[in-house]
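Welcome! Take a look at the structure first, then try each task before reading on.

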Amino acid sequence: LRAGHALRRWRGRWFLAGSRTNLGLALLLLWFVTPFALVPISGIGWLHLHLRPFDHPPPSLAGINSPWLLAQFVEIATLGAFTACLLRPGRYVAGLVVLFLTAFIAKLLAATILLKITVAGGVLSLETLGAFLLALWLLLLPALSRRRRIAALLGISALILTRFFLTARFLPGVNILNITGLAQHLGALWPILGLLWLQWDTLRPALTSPREDP
């Protein structure tokens, strides 16, 4: 009971009140299963994955795995912008830092569980670290922080369009009864659910506001 009360107090201090925020938090928790797909945008292939550990950086800029960096950046920037829509005023910077650290640990845990240590660097490479830092820096810019909802909508739309144009089928053709298959399906559905939540969260105040008398 004490743990439950502490969790409710933590939720009240960090996130906006209401059932809409609770649903957004549920969607955020769903994302934390998707790292077990081992790819940023699950179901579109390995994006020329380089199985290169951290201690073997690319010899030059030409050796950077740009498709992987871009996919990681779009995914984590979208996640950060979506989470920012749930945070209370004054919690923006600290909330994003905690989110990015937790998301990186989630990817590290998934890679460690599913891959050998010698090849986990292909997922947790310098490109992944660079994508996280670039996304965090971008979201901390004042101009973007004031437009977090627009940023989330653009990021989620980019994820959906990427899947639409780069895959033959929207849902991955894998077994959903194992952790990797489940993660791939959630990776496909999460942007759709996030887009619906953002649209509902945008339209709800207008729909519930009192009408003015003619």
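A salt bridge is a side-chain nitrogen of Lys or Arg within 4 Å of a carboxyl oxygen of Asp or Glu. Keep in mind that this is a predicted model.

**Exercise 1. Find the salt bridge and say which parts of the chain the pair ties together.**

Solution. 
- Step 1: The structure holds one salt bridge.
- Step 2: Its partners are Glu-75 and Lys-107, and their closest N and O atoms are 3.0 Å apart.
- Step 3: Glu-75 belongs to helix 3 and Lys-107 to helix 4, so the pair links parts that are 32 residues apart in sequence.
- Step 4: Now check burial, for which the cut-off is under 20% relative accessible area. Glu-75 has 6%, so Glu-75 is buried. Lys-107 has 5%, so Lys-107 is buried too.

**Exercise 2. Work out whether Gln-72 is buried or exposed, and list what Gln-72 touches.**

Solution. 
- Step 1: Locate the residue: Gln-72 sits in helix 3, which spans residues 66-84.
- Step 2: Its relative accessibility is 1%, so Gln-72 counts as buried.
- Step 3: Leave out residues up to four places away in sequence, and Gln-72 touches Pro-40, Lys-107, Val-123, Thr-128, Ala-131 and Phe-132. Lys-107 in this list is the salt-bridge partner of Glu-75.

**Exercise 3. How many cavities of 30 Å³ or more does a search of the whole structure find, and what lines them?**

Solution. 
- Step 1: The search finds two.
- Step 2: The largest cavity holds about 140 Å³ of space. It is lined by 16 residues, and Pro-40, Ile-41, Leu-159, Gly-187 and Pro-191 lie nearest its centre.
- Step 3: Helix 7 (148-166) and helix 8 (179-208) are the elements that give two or more residues to this lining. Helix 8 provides the largest share, four residues.
- Step 4: Sorted by class, the lining of the largest cavity has 11 nonpolar, three polar and two charged residues.
- Step 5: The second largest cavity has a volume of about 40 Å³. By class, it divides into seven nonpolar, one polar and one charged.

**Exercise 4. Describe the setting of Leu-114.**

Solution. 
- Step 1: Leu-114 is part of helix 4.
- Step 2: With 33% relative accessibility, Leu-114 counts as partly exposed.
- Step 3: Apart from neighbours within four places in sequence, Leu-114 is in contact with Phe-36, Leu-38, Ile-179 and Thr-180.
- Step 4: The C-alpha atoms of Leu-114 and Ala-37 are separated by 9.5 Å, while the two residues are 77 residues apart along the chain.

Definitions and conventions
Residues are numbered from 1 along each chain as its sequence is written. This is a predicted model: local features need pLDDT of at least 70, side-chain atom pairs count only at pLDDT 80 or more; totals for chains, interfaces and linings use all residues. Side-chain values use heavy atoms; hydrogens and water are left out. Buried means under 20% relative accessible area, exposed over 50%, partly exposed in between (1.4 Å probe, protein chains only). Contact means heavy atoms within 4.5 Å. On a 1 Å grid over the protein atoms alone, a cavity is a set of points where a 1.4 Å probe fits but cannot get out, and a pocket is an open set with protein on both sides within 12 Å along at least five of seven lines; lining residues have an atom within 4 Å of a point. Grid points are joined across faces, edges and corners, and a volume is the space filled by probe spheres set on the points. Ala, Val, Leu, Ile, Met, Phe, Trp, Tyr, Cys and Pro count as nonpolar, Asp, Glu, Lys and Arg as charged, and the others, Gly among them, as polar.
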